Amino acid sequence: MSLEQQMLTALVVDFPFEWNYIRSIVRVSLYVSLTAVALSTLLSLPVALLVGFKEFRGKTLLTSIINTGMGFPSVVVGLVVLFAVSNQGPLGSFDLVFTTEAMILSQIVLAAPVITGVSLAAVSSVEQNVRDAAYAMGGTNLDVALVTIKEARYGIATAVLAGFGRAISEVGSVLIVGGNIASSDGTSVTRTITTAIQLEARQGRFETAMILGAILVVLVLLVNAIVVRLGSGGGRYG
Amino acid sequence: MTIQRREFLSVLGGGVAVGLAGCTGADDSDGPEISGETLTLTTTTSTYDTGLLDELNAPFEDRYGVTVDAVAQGTGAALRTARDGDSDVVMVHARSLEDEFMEEGYGVNRRDLMFNDFVIVGESDDPADVEGEDDAAAAFEAIAEAEATFVSRGDESGTHTKELEIWDETGLTVEEFGEWYLDGGGGMGETLNTANLDGGYTLVDRGTFLDMRDEIDLELLVEGPVEGGSEMLMNPYGIVAVNPAVHDNVNYDLAMAYIGYITSLEGQEIIEEYRSNDEQLFFAEALSEDPNFRQYLPEGWERSSDD
Amino acid sequence: MTLEAIDVHHSYGYETVFEGVSLSVTPGEVVAIIGPSGVGKSTLLRLLALFDAPDDGAIVYDDDPVWEVSDQRRLEYRRRIGMVFQDASLFDASVRRNAEYGLRVRQSWRERLRHELGGLVGKENGTGAAVDALETVGLREQAEQDASSLSGGEAQRVAFARALAYDPDVLLLDEPTSDLDPRNTAVLEDAVLEARDRDIGVVIATHDMHQAERIADRVGVLLGDEIIEVGPTERVFEDPVDDRTRKFISGELIY
Ligand SMILES: Nc1ncnc2c1ncn2[C@@H]1O[C@H](COP(=O)(O)OP(=O)(O)OP(=O)(O)O)[C@@H](O)[C@H]1O
Ligand SMILES: [Mg+2]
């Protein structure tokens with residue numbers, strides 16, 4: 001048998017048994033990353049608008065925090081979040097260690113700077129004239145902000161997807177704060193695609209690792225394809 | 001104080017769990033009080049990767065209507081997590097580190113659980129002439145004497161801890177070793193490979209060595225106690241509950257129920273019968289020739305009452 | 001309704017633009033502001049549109065000094081003013097959505113949300129006033145088109161419809177036709193006159209003397225940091241009081 005044939009047989013034979021396991025892992029991954037990205041976006045957009053259009057003290061500092069945060073190593077974020085949610089840490093009483101909530105928290109820390117940074121570039125390129133028009137038509141400051149977001153929608157969508165890409169594919173922080181837990185019946189509790197790949201590969205179950213890897217790659221490719229499309233769509237604005 | 005998530009969940013899960021307890025006809029009267037809760041167990045990667053825990057935990061979860069979250073970490077991290085009160089019970093195989101954990105008051109009710117053993121492997125030409133040695137410390141001494149290459153895990157894992165314990169026994173100081181003493185810097189597999197390439201000796205758990213034996217040229221030179229060899233190469237696994245007096249948030253009742261279950265006949269039989277690739281990986285303590293049912297304390301340690 | 005600037009002083013940093021400028025507009029009249037480039041025509045319109053408070057002096061709406069009232073009250077005043085900028089500044093949306101914008105911001109959040117969700121599933125319920133405003137500038141047919149696909153002239157007409165749709169009391173037009181061809185200019189001027197007939201007060205800043213002559217009832221001449229002359233169009237053009245006005249109109253005074 002060739003290697004491919006072997007792998008194919010392995011897939012077909014193992015698949016029904018592995019399927020629940022894989023599905024639960026993908027579900028946890030998507031739940032954690034989508035929630036983290038949604039919350040990050042809610043957090044990031046006001047900050048991007050603030051930094052983009054308002055003068056305030058500490059603006060330079062905030063900008064450099066955002067820029068540094070975009071490249072923050074995920075293991076470091078994991079450690080910091082672990083420290084925060086640990087029983088000994090400031091959020092200790094919430095009992096969040098090894099939960100999806102803690103994973104969401106750490107992915108927010110990872111994704112929010114990316115989303116803020118890219119959104120900032122997008123909203124900054126919205127012309128002042130258009131914002132003035134919204135104000136002159138009787139819009140409140142909130143309306144002006146909404147118009148700005150709408151005008152920058154392609155750029156913001158790119159930002160959100162970039163944040164999602166970072167969240168779904170990072171392994172360091174979710175491993176540390178989530179603990180990579182699966183229950184004894186073989187469904188994921190805090191196991192994500194990335195931490196599962198690491199574990200499965202370590203344990204020599206390469207078929208499962210490959211399936212998960214393929215799913216992750218497809219997800220990330222999909223996101224990138226959309227980003228590229230939106231990126232070229234954004235240039236259409238005029 | 002805010003309501004704890006686990007307590008909250010236990011309220012939610014209570015109804016379900018009572019039903020479950022009824023179904024299984026559990027004879028334990030404290031079932032309803034702990035059911036629906038989650039036990040966080042930290043353990044070492046090597047233990048976790050054998051797959052034994054899934055076999056062990058499923059019947060326990062069914063019986064009590066609880067969930068066991070098993071987190072695989074390095075030995076140091078597993079103990080540290082427990083130390084911080086972020087897990088309820090910890091299962092490791094590093095006696096000296098466990099002792100420290102106990103001595104500092106973070107653990108209570110340690111129990112012997114199971115064991116397997118380490119072996120010393122090396123090249124077949126055996127420059128230090130340790131083959132057949134029945135004292136691990138003597139073998140180590142011979143290696144140091146010959147300044148033959150030795151590859152250490154160097155990662156504070158259970159295996160590394162054991163290695164240091166043996167060096168300690170020889171009275172030699174690791175820090176003073178010359179270039180023959182190498183740091184493998186990673187997992188057991190990598191360390192074995194390094195020893196294989198550099199033609200050195202190393203300490204390895206029997207399971208991993210048997211797994212990799214076909215891919216490397218190293219020979220088993222010093223046997224562990226499983227095959228009647230050096231007692232010092234015993235690799236005992238212990239389980240410790242986190243002290244509720246130090247961390248009031250830990251789920252002590254459930255931790256003790258787990259320890260009770262895992263040292264019971266049912267738990268011990270699962271351990272004894274567990275096979276991976278047709279190989280017995282663990283030997284249950286209670287089913288061994290010389291079972292130890294008592295809590296064991298660090299040697300020469302008396303708990304002072306004033307801390 | 002009267003919108004007035006009374007003895008307004010204004011500067012950008014150290015650069016003084018106005019030192020005591022007064023101007024008013026009442027319903028059903030068109031007031032043109034003429035003056036050389038950079039003199040502050042746009043600045044005056046922005047002050048009248050309540051973008052910023054003047055450094056000194058007052059903007060008064062119906063005897064109410066707008067910078068001394070509550071934010072809510074000032075918002076109500078702002079919402080009775082429409083503005084068209086030199087460039088169209090349309091939103092990246094359909095022509096109809098642009099025209100509707102002023103009406104939308106005046107709706108409750110509930111209605112707006114329902115409308116947004118309706119838009120997502122393709123159910124568009126156009127508001128009559130927006131369509132009427134597009135009719136006024138002759139662009140009713142283009143309602144569903146993307147605003148970005150319009151020509152410069154069409155875009156400016158949409159911008160006018162956008163300001164007209166919510167039926168303001170005052171329209172402030174900042175050189176609305178300076179980039180347009182004669183045909184589009186004519187359409188916009190007709191629309192201005194139609195607005196005047198609906199009793200809207202119009203202030204139009206322009207470079208184009210002929211445009212001022214064609215549509216304005218009164219003209220204010222902005223020169224230096226003040227309005228040197230204001231009066232009925234015919235009188236200002238035929239018989240200016242200030243000699244600088246005559247020179248400016250005849251083109252002798254080059255800035
Ligand atoms: N935001 C601003 N910050 C600083 N200076 C400004 C600002 N806006 C306008 N100015 C200055 O104020 C003066 C008046 O500008 P304004 O745009 O009102 O002139 P204008 O009469 O509308 O000119 P144009 O006919 O070219 O449109 C100019 O000298 C300009 O440079
Ligand atoms: Mg201007």
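How far apart do the C-alpha centres of domain 1 of chain B and domain 2 of chain B lie? They lie 29 Å apart. This is a predicted model: local features need pLDDT of at least 70, side-chain atom pairs count only at pLDDT 80 or more, and totals for chains, interfaces and linings use all residues. Residues are numbered from 1 along each chain as its sequence is written, chains are lettered from A and ligands numbered from 1 in the order in which they are written, and side-chain values use heavy atoms, with hydrogens and water left out.

**Domains of chain B**

- Domain 1 covers 17–116 + 236–296, and domain 2 covers 117–233; the bounds come from an automatic or database domain assignment.
- Domain 1 of chain B puts 13 residues into the contact, and domain 2 of chain B puts in twelve (contact: heavy atoms within 4.5 Å).
- About 800 Å² is buried between domain 1 of chain B and domain 2 of chain B, with 59% from carbon and sulfur atoms. Buried area is the accessible area (1.4 Å probe) that two parts lose on being put together, summed over both.
- B:His93, B:Ser96 and B:Asn116 supply 40% of the area that domain 1 of chain B buries against domain 2 of chain B.
- Between these domains there are zero salt bridges (a side-chain nitrogen of Lys or Arg within 4 Å of a carboxyl oxygen of Asp or Glu).
- On the domain 1 side, α6(B) gives the largest share, three residues. Helices (H or I, at least four residues) and strands (E, at least two) are DSSP runs, numbered from the N terminus.

**Strand β7 of chain B**

- β7(B) spans residues 201–205, and five of its five residues are buried (under 20% relative accessible area, 1.4 Å probe, protein chains only).
- B:Tyr201, B:Leu203 and B:Asp205 point one way, while B:Thr202 and B:Val204 point the other way.
- β4 (residues 107–122) of chain B runs antiparallel to β7(B), joined by four bridges. Two strands pair if DSSP finds at least two bridges between them.
- Within that pairing, B:Ile120 has B:Leu203 as its bridge partner.
- β5 (residues 150–152) of chain B pairs with β7(B) in the parallel sense over two bridges. Here B:Phe150 stands opposite B:Tyr201.

**Chain A against chain B**

- Chain A contributes 20 residues to the contact and chain B contributes 24.
- The two chains bury about 1,800 Å² between them, 44% of it on carbon and sulfur atoms.
- In chain A, A:Asp95, A:Phe98 and A:Ser184 lose the most area to chain B, together 33% of what that side buries.
- Zero salt bridges are found across this interface.

Technical notes: Buried means under 20% relative accessible area, exposed over 50%, partly exposed in between (1.4 Å probe, protein chains only).
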